[in-house]
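Work through the exercises below with the sequence and coordinates open. Try each task before reading its solution.

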Amino acid sequence: MNIRALDLHDDGRTPPASGLLEIVQRGLRAQPKRLPSWLFYDAQGSALFEQICEQPEYYLTRCEIALMQVHAASIADRLGVDVRLVEYGSGSATKTRLLLGHMASPVSYVPVEISPDPLHQSVRQLGDCFPQLPVQPLCADFTRPLRLPIPPRAPRRTVIYFPGSTIGNFSAREAVTLLRKMRGEMGENGGILIGVDLKKEVGSIEAAYNDAAGVTAAFTLNMLARLNRELGSDFDLAAFRHRAHYNALAGRIETSLVSQRAQKVQVGRAQVAFGEGEAIRVEISCKYSPEDFASLAAKAGLEVMRVWVDPERMFSVQYLARAGSVAR
Ligand code: AVI
């Protein structure tokens, strides 16, 4: 493994653990109640998410990997030579490996991840596959401005890789803000390679978030288990149900935890009252047509240069550059 791979950069901007209680209490005071979806991803939640990706109903991962298997060479060709690849999140080892395997003389790979454990894991895995590749892990929250590590040599282009359709977990307004931030980080000549789940027949979308084995339900409920573990709250997991339904007007899956009875839950010093059937909104997963996504990108000053889609039109991988840029 390249020795630089172990040099973990911490931009010092990860939120303090003490803020968690305040974030949760504020979300549960809101009307309707809501909790941020990043709360899913403690160690248990991340392991459950890996399992979700293997469920037969969850087509997103399967389709994106298949797309990368077929098109990695043409995608890498589009990115060009001497690229610095910055990945938002670091949990997509298979897709990243497929991409890096086709890239010509990449300058460095910078996985950006808020928690150090998955970051170390991805560094180890990639180090084994690409011993010559400088890996510069950055421990940071990718939704906030990043201080990217100094590359080992000057890249021709910085490409931000954001697979998995995680962009769908942001509202349209948040997504534009995030894309605009990426636009700044990639620079004049840079690009964004992004996985975007597509609009399709409602049955398959809803099935993906309501798998028969109940893994997604366990993933959603783990958020409350996490709060019990970390904040000492007393959520009764048996008294909440996972609900995920497609809001066709908004073009998104809306996931909630629904209280099965009237109850009170202790969260820190606050007592939170729930009515029977009352929901906590925990996630949105937006689905886009190629046209929808192009207009979202345009609001962030970006232009879609190329779209790769599977034959069933389930999922897309898109390459964006600055709108009107001459450096294509
Ligand atoms: C990470 N993200 C793209 C997943 C999604 O499809 O919205 C998270 C997820 N939630 C439930 N299942 C998967």
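The exercises cover a charged side chain, aromatic rings and backbone angles in a predicted model.

**Exercise 1. Classify a ring pair**

Task: How many aromatic pairs does the structure hold, and is the pair of Phe49 and Phe219 stacked, edge-to-face or tilted?

Solution: 
- Step 1. Count. There are 14 aromatic pairs in the structure.
- Step 2. Check the geometry. The ring centres of Phe49 and Phe219 are 6.1 Å apart and the planes meet at 40°, so this pair is tilted.
- Step 3. Phe49 belongs to helix α2 (residues 43–53) and Phe219 to helix α8 (residues 215–231), so the pair ties together parts 170 residues apart in sequence.
- Step 4. Phe49 is partly exposed at 26% relative accessible area. Phe219 is buried at 4%.
- Step 5. Widen the view. Phe49 and Phe219 belong to one aromatic cluster with Phe40, Tyr41, Tyr58 and Tyr209.

**Exercise 2. A charge over a ring**

Task: Which ring has Lys33 over its face?

Solution: 
- Step 1. Identify the ring. Lys33 lies over the face of Phe274.
- Step 2. Test the distance. The cut-off is 6 Å from the ring centre. Lys33 is at 4.9 Å.

**Exercise 3. Backbone angles**

Task: Is the peptide bond from Gln31 to Pro32 cis or trans, and where do Asp82 and Ser165 lie?

Solution: 
- Step 1. Read omega. The value is near -5°, and the bond from Gln31 to Pro32 is cis. Pro32 lies in the loop between α1 (19–29) and β2 (33–34).
- Step 2. Read phi at Asp82. This non-glycine residue has a positive phi, near 55°. Asp82 is in the loop between α3 (59–79) and β3 (83–88).
- Step 3. Read phi at Ser165. Phi is positive, about 60°, and Ser165 is not a glycine. Its loop runs between β6 (157–162) and α6 (172–186).
- Step 4. Ser165 is buried, at 6% relative accessibility.

Methods: Residues are numbered from 1 along each chain as its sequence is written. This is a predicted model: local features need pLDDT of at least 70, side-chain atom pairs count only at pLDDT 80 or more; totals for chains, interfaces and linings use all residues. Side-chain values use heavy atoms; hydrogens and water are left out. Rings of Phe, Tyr and Trp (its six-membered ring) pair if their centres lie within 6.5 Å; planes under 30 degrees apart count as stacked, over 60 as edge-to-face and the rest as tilted. Helices (H or I, at least four residues) and strands (E, at least two) are DSSP runs, numbered from the N terminus. Buried means under 20% relative accessible area, exposed over 50%, partly exposed in between (1.4 Å probe, protein chains only). A charge sits over a ring if NZ of Lys or CZ of Arg is within 6 Å of the ring centre and within 35 degrees of the ring normal.
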